[in-house]
Amino acid sequence: MEKIVIGIDISAKTLDICVKKRNKKEFFKIENTISKIKSFFKHFSKTPQTIVAMENTGKYNWFLYEVLEDFVFQVFVINPLHLKKSLGLIRGKNDEIDAERIADFTDKNQEMLHPWKPDALEMKKLKVLFSERNSKVKLKAHLLKLQHNYTLTKSGCEKSLLRMNQQEIKLIEKHISALETAIEAVIKSTETLSQKANLLKSVPGVGKVLCWLLLVKTGGFEKITKPRQLACYAGVVPFDYQSGTAIRYKPRVSFYADKSLKSILHLAAMSAIRLENDLRAYYLRKVAEGKNKMLVLNNVRNKIVHRVFAVINQQKPYEKNYINSLVLS
């Protein structure tokens with residue numbers, strides 16, 4: 001049976017679709033609504049060799065995700081940066097061309113891509129609530145920055161503007177608090193998520209925000225299943241840079257990282273080295289040996305990631321003075 005590859009370029013209101021059969025390509029444009037998407041994919045429901053691919057565009061993917069759960073297609077959600085770097089030298093673009101490029105990329109690289117799996121209902125709720133919390137936190141930071149700008153103006157209305165600003169911040173803080181309560185309620189409503197959250201919080205430096213972020217980014221540790229995968233994703237793993245004998249740099253972390261996760265991990269590492277634990281002892285020992293402080297701090301971030309996976313895999317809270325039974329035997 002012939003294989004069909006469907007590449008989809010997603011926007012807020014429309015979907016540009018390239019259907020590739022052997023060397024023939026057809027192009028379609030439909031509305032980004034559940035009814036239109038269902039109607040389109042019904043034509044391929046009797047073709048088991050259908051492959052669907054799209055870029056990860058955040059909330060604009062949600063209708064597609066909801067519809068594709070009801071079909072047996074193999075689905076790939078591609079990192080936009082991965083696709084961009086694979087194209088080489090290109091000139092020009094539009095939505096139709098982007099859909100075609102997604103289809104060609106998937107057809108060529110199918111074996112190295114990881115199939116998409118739908119999230120459980122609780123994980124969907126957690127992702128939506130956490131995303132909304134993040135947007136509120138950013139809005140609060142923006143309003144706090146504006147307060148400084150008001151002091152620089154001499155228009156005579158800075159006091160009234162400051163008063164309105166403070167009222168907005170108080171309202172946003174209430175919303176953030178309500179969202180955090182809802183996040184905790186979702187986690188506690190599911191035994192698996194609740195157990196994982198308790199295990200994560202036992203690791204030095206891991207607070208509630210990092211705990212939530214780890215659950216969201218790893219899909220409850222079902223989509224990212226290895227510590228090095230998460231460490232690379234967070235940008236805390238150093239890589240070699242070498243070419244022949246003339247060009248050689250010290251190993252350094254990659255710029256391609258999830259910046260939000262990396263920043264929260266940094267705060268977690270800063271918190272961990274202030275507490276009495278083995279991470280603090282490690283940090284002080286390495287700094288005393290003359291190591292660069294930021295290098296050691298990055299190592300602490302990496303160690304937190306590995307400890308997180310250790311407690312999840314062993315289903316056992318972190319213990320400061322844990323001694324491996326294999327060593328005793």
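**Overview**

Of the 329 residues in the chain, 37% are buried, where buried denotes under 20% relative accessible area, exposed over 50% and partly exposed anything in between (1.4 Å probe, protein chains only). The model is predicted, so local features need pLDDT of at least 70 and side-chain atom pairs count only at pLDDT 80 or more, while totals for chains, interfaces and linings use all residues. Residues are numbered from 1 along each chain as its sequence is written, and side-chain values use heavy atoms, with hydrogens and water left out.

**Overall make-up**

- The chain contains 13 helices and 7 strands; helices (H or I, at least four residues) and strands (E, at least two) are DSSP runs numbered from the N terminus.
- Taken along the principal axes, the C-alpha atoms fill a box of roughly 70 × 65 × 55 Å.
- Among contacts with a separation of 6 or more, 60% join residues 24 or more positions apart, a contact being heavy atoms within 4.5 Å.

**Aromatic rings**

- The whole structure holds 8 aromatic pairs; rings of Phe, Tyr and Trp (its six-membered ring) pair if their centres lie within 6.5 Å, and planes under 30 degrees apart count as stacked, over 60 as edge-to-face and the rest as tilted.
- Phe 28 and Phe 40 form an edge-to-face pair, because their ring centres are 5.5 Å apart and their planes stand at 65°.
- This pair links distant parts of the chain, with Phe 28 in strand β3 (residues 24–31) and Phe 40 in helix α1 (residues 34–41), 12 residues apart.
- Phe 28 is partly exposed at 32% relative accessibility, whereas Phe 40 is buried at 8%.
- Phe 221 and Phe 309 are also edge-to-face, since their ring centres lie 5.2 Å apart and their planes are at 80°.
- Phe 221 belongs to the loop between α8 (208–218) and α9 (227–234) and Phe 309 to helix α12 (residues 293–314), so the pair ties together parts 88 residues apart in sequence.
- Both Phe 221 and Phe 309 are buried.
- Ring pairs also join Phe 28, Phe 40, Phe 41, Phe 44, Phe 71 and Phe 73 into a cluster.
- The charged end of Lys 303 sits over the ring of Tyr 282, 4.5 Å from its centre; the criterion is NZ of Lys or CZ of Arg within 6 Å of the ring centre and within 35 degrees of the ring normal.

**Helix packing**

- The axes of helix α7 (residues 191–201) and α12 come within 9 Å and cross at roughly 135°; axes are lines fitted to C-alpha atoms, for helices over the stretch in contact, and angles run from 0 to 180 degrees between N-to-C directions.
- α7 and α12 are therefore oblique to each other, given that angles under 35 degrees count as roughly parallel, over 145 as roughly antiparallel, 65 to 115 as roughly perpendicular and the rest as oblique.
- In this contact, Lys 196, Leu 199 and Leu 200 of α7 meet Val 308, Val 311 and Ile 312 of α12.
- Buried residues of α7 include Leu 193, Ser 194 and Ala 197, and their cover includes α5, α6 (158–189), α8 and α12.
- Helix α10 (residues 259–272) and α12 have axes that come within 9 Å and cross at roughly 100°, and the two are therefore roughly perpendicular.
- Residues making this contact include Leu 265 and Met 270 of α10 and Leu 297 and Ile 304 of α12.

**Surroundings of Asp 119**

- Asp 119 lies in the loop between α4 (95–109) and α5 (121–152).
- Not counting residues up to four places away in sequence, Asp 119 touches Glu 69, Lys 124, Lys 127 and Lys 223.
- The C-alpha atoms of Asp 119 and Lys 223 are separated by 9.7 Å, although the two are 104 residues apart along the chain.
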